[in-house]
Amino acid sequence: MLFQEAVMNSTFSLVPLVVFLPILGILLNWLFGKRLGEKGIGSIASLAAGGSFVVSVLLALALLQNHEGAHIPLFTWISVGNLDLSWVFRVDTLSVTMMLVVSGVSTLIHVYSIGYMHEDVRHQGEPKRFRRFFIFMNLFVAAMMILVSADNFLMLFVGWEGVGLCSYLLIGFWFEKGEGGLGNAKAAKKAFITNRIGDFGLLIAIFLIFWNFGTLNFAQVFEMVPSVAQTQPGVLMAITLFMLLGVTGKSAQIPLYVWLPDAMAGPTPVSALIHAATMVTAGVYLMVRTQVMYMAVPGAQQVVAWVGAITALFAGLIALGQFDIKKVLAYSTISQLGFMVAAVGLGAEVAAIFHLTTHAFFKALLFLSAGSVILGMEHGLEAGSHGHGSNHTDGSNHTDGIHHDDPQDMRNMGGIRKKMPITFIVYLIGALALAGIAPFAGFFSKDEILVAANQGNMLIFVVLVVAAFLTAFYMGRQVLMVFFGDARSDAAKHAKESSLLVTVPLMILALLSVLGGGLNFPGVHTLEYWLEHTLEIPHATEFIVPIALGSLAVALVAIFLAYLVYGRKPLASAKAADPLAKPLGVFFRWMNQKFLVDELYQAVVLGPYKKLADFFAYPVDQGVIDGLVNGMGSLTVSLAGALRKLQTGFARTYALSIFVGIIAILVYLLTRI
Amino acid sequence: MPLGYFLGLSAIMFTVGVLGVILRRNALVIFMSLELMFNAANLVFVTYASYYQILIGQIFVFFVMAVAAAEVAVGLALMVAIFRTKHSIDIDQMSSLKG
Amino acid sequence: MTRMIDIYSILPVMIVAGWALLLLVVDLWIPRHRKGITALLAAIGLAIALGFVLASSGNTILGFNQMVVLDGFSSFMQVLFLVSGMVAVALAYDYIQRMNINHGEFYVLMMFSIAGMMLMSQAYNLLMVFLALELLSIPLYVLTGFARTRLESEEASLKYFLLGAFASGFVLYGTALIFSATGQLDFVGIAAVVTAGSANSVLFLIGAALLLVGFGFKIAAVPFQMWTPDVYQGAPTPVTAFMSVAVKAAGFAALMRVFLVLFPSLSEHLTPILWVMAALTMIVGNIVALAQNNIKRMLAYSAIAHAGYILMAFVAFGNGEVVGNTVAATLFYLVAYGLTSFGAWALVIVIEREYGKGILLDDLAGIGKHYPWLGVAMLVFMLSFAGVPLTMGFWGKFYLFRTAVQAGYIGLAIIGLLTSVASAYYYLRVVVYMFMKPGEPKLQINPWVSLVIGVAALAVLLLSLIPWTILELASRAVLLLQ
């Protein structure tokens, strides 16, 4: 027994490796990458991520023995007063679940990236950036691991900022490309700034926590929550809502979701890993981690649930009107994150984590398959232009907003099913899982959220059901537009299946998307029993047959409708309008233009802000403040000159100065006595 | 004699010494003024050594004399060195370092 | 009766003093061109004493009828003095050859001065305080004028001597008044008389004020600071470096020992005086430094300013609750300031072509480009001096400011903060000259000086990351003070 315990504890103390293996990968690639070539770089990076995964599996195995987990201190950086800045790793069922998801999906995506980036760097004409890509990816893994393994709010914030930085670096990976040579850089900047707004909220929440609880340690804070909820409910409300602001930034919820669609400017593996599977779920993780605080203030929970539900619906509507294959998936991600956030708001944390996990599988799968499609299209584009000269239309007719050589535009696709059979099958699996068709993973996890909504708030339930309907519908639309019908461009005609390095990770992810539902299978509830050692589970999830059948029916109807609209009569050509455009009229335009939210922000927030900034920059700063500062500066300098003159160089003056000092002191003392 | 007299004399000696340092320009005279300050303190020591009947006050005076001798030795050596380069011991002429 | 334990309590001081006497004789047989041997022997003597200090640290002994004390505070200070001495020897070795003032007495005098400082940290009797003060000062007057026949050295020496003796006069008279008020000279006896309330309060208070003047002179607090820039500029640069670190530390050692043991009861009267002195010292030091072109002078004013920061924490010396923090913060700051200071002075030595030449800001131009490592080291020192967050200087200031705020001197802390911001201007100007002005610097690089710069820079960097190690040592030194 004793021996077993010793083994277990030593297993727990492996946990720093989940952060340091990726960092080792960075160092190796940074120092030796130049000599190693692409295969070497990719292998090191993948092994580093894979090593993290292996460690996570070991931790999970050890946790099976000892459910309580452990706190592994790495070092105390400094403790000032009662602010204790230590780096402690927290090993419990929740953090290890996140580690497994993050490192597992990362490993697959790293492997996939070896193949994908090999093509991409050549397509973009910068083969040297291959190494940089993998360094950033490993950096991301390290930062994400810091985030999920943190034992206090400060380390969590370090990881939170770290992943934000990686996200920024990777969105702007092709920083000189994009619209007008600035598009990608702008997208990166937008993501960064929007996230800073959210981070600001999180930072305020952390300050408030420290101010009111006197500590940043999770366990200590959570212990005090009940008493604080008694005495200062307002404070707790403020903390949770500011934290929610942080969540809306990182997890792309209303109102801060606008950065995520633009973030698709990054290479596709980045979209899959960071902007679908892992980083954007950090907000959900944060709320699950701090569940005790949210449960103590029902008002905040309501807000959270509504933010999630409305985001789910709103993003689903926008997804319906998009033509870019990745944009559809991006809005779908926002919508699914909305489901998770709503689940947290409804007190169904297990369902949220469950959906987070299955979503990581199938959304990563969808993005990677979309990447495979894009690669195929790029191939086709090159093959087409080589084989047939340049007979595809150039950018002259932009009135309908189509770029006819855009390899991401679904209107240019069609009939890919036959060209890329493997990609088609795995994409179909992912789409069915996302749409919530039994027995794929998404069905079970989404069902749990719907059950929680049904028991909690009927209005939210209805909203979520509509969102689920939209999900199935836009996925049906996408699959039909991309894979069925006839090729609508030369690129699609000459598309070619991707290499094994790309397709094997897809197959693994497809398998996970099929089987992922087993994690918390109705009646078995593995995940729930696993997480209950860390989380409070107010009421066990039930499997309610009518709801399950109902949601299945909704999804099937939606897919059938999608078939009626897009399948029976596929788009005739790349220039044809969307069949929904006519019946929905203006509304479709709105959906296509994302309800003009970006423009709204531009007009309401950014414009006035810029004016204000100009005002502060020129009249105020350069006039008043600079004047003041310069005035102070010159005053100080002239004072220095004057004081300097006192230093005459005569020893007798110095003695006089001492004498005057003494007289002053004595006179002062004599007045006091 | 009352203690006040001794203290008064010592205070006068000390003040004269301080003023001498501040007002005189000849380095030798300044040295003498410094000695005056030291001896003013010595006077206090011996006075109170006899008042309290404690020996250490008198012993202190011997130490002060020794230290003062050492100090003067260094001071005079300095003065000689300076006189060689500058041909003057007027301390007001030594004011090249300032500001 | 002299007991073994008495000898044991001041053994390191005896070793340094005895070794210096021996060295004075041995040096006669060492030829002029091989004075490196003397330097080496001096360093060995200091190292042996350092070994004994470390071996005897952790004890608390009152020796020689309570004339001297050995405690954590004195051990901490003595380590500081001895290490400073060794660094000064390393800095001086090449310098005094270059400046053609290569006499073995240089090292001997330095050792005598160190012996005085060490005794100062152990003094537990006003007679010992006076003797230690003179023992540390007189060799320094000579060292300052060591480059004789060079007028600036002689002038500096004369000024230092006259004003130093002037200040000693005040210390002596203050001691005499305290003796007259209490009839005692040893700290235990005085404290007992004061507690019993049988001391003459007026004479006692005036005596305390006069002692404050004397110590204020040693630490260069305004208005007793005026000798500092001139002496620092005129003295041979290694001597200046030694003074700016060790003498200042010795001054603070005396100030703390005497004031914390003898005068807590006077804090009501003395605190306002210290408040004004601290504020003036920070303001004058930092502001006048802005107007300097000569790096030696600039660093001299900077040294004044840093004494002001320490004094700021010392204002609360009578507040029993924070006084522990005061001492810990002061000791920490002396270490931080000492390391940084030696690094900066070493750079002055490197650029000083001839005695007192080539040490203007303009002479720094191009160093960053031609000697990047030197430039980076200097950058570290300047950032630490300026107290840029997360440098060692920052932590030092942080602890000082925290103490001041704890004691309720918020106004003083604000003055400190503002002047500290102003100081960034002249520190960063050094960096700007080094890295942004083009130039062809001609440096006199010597392995020993390089070693000092490198070790100081590494130590500052390392201790910036783990400041609490030194703070912990300093806090332990405090416990044994009284």
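Chains A and C meet in a contact built from 24 residues of chain A and 27 residues of chain C. The model is predicted.

**The side of chain A that touches chain C**

- Two helices of chain A each give two or more residues to this side: H26 (597-646) and H27 (651-672).
- H27(A) gives the most, with 13 residues.
- Sorted by class, this side of chain A holds 16 nonpolar residues.
- It also holds 6 polar and 2 charged residues.

**Chain B: overall make-up**

- Chain B has 99 residues, and 37% of them count as buried.
- Its elements are 3 helices, with 0 strands.
- Read from the N terminus, the order in chain B is α-α-α.
- Take the contacts in chain B with a separation of 6 or more: residues 24 or more positions apart account for 44% of these.

**Chain B: helix H2**

- Helix H2 of chain B covers residues 27-52, which is 26 residues.
- From its first C-alpha to its last, H2(B) reaches 38 Å.
- That span is close to the 38 Å expected at 1.5 Å a residue.
- An α-helix has 3.6 residues a turn, so residues three or four places apart point the same way.
- B:Gln53 follows H2(B).
- The phi of B:Gln53 is positive, near 55 degrees.

Notes: Residues are numbered from 1 along each chain as its sequence is written. Chains are lettered from A and ligands numbered from 1 in the order in which they are written. This is a predicted model: local features need pLDDT of at least 70, side-chain atom pairs count only at pLDDT 80 or more; totals for chains, interfaces and linings use all residues. Two residues are in contact if their C-beta atoms, placed from the backbone, lie within 7 Å. Helices (H or I, at least four residues) and strands (E, at least two) are DSSP runs, numbered from the N terminus. Ala, Val, Leu, Ile, Met, Phe, Trp, Tyr, Cys and Pro count as nonpolar, Asp, Glu, Lys and Arg as charged, and the others, Gly among them, as polar. A residue is buried if 20 or more other C-beta atoms lie within 10 Å of its own, exposed if 12 or fewer, and partly exposed in between; C-beta atoms are placed from the backbone. The expected span of a helix is 1.5 Å times one less than its number of residues.
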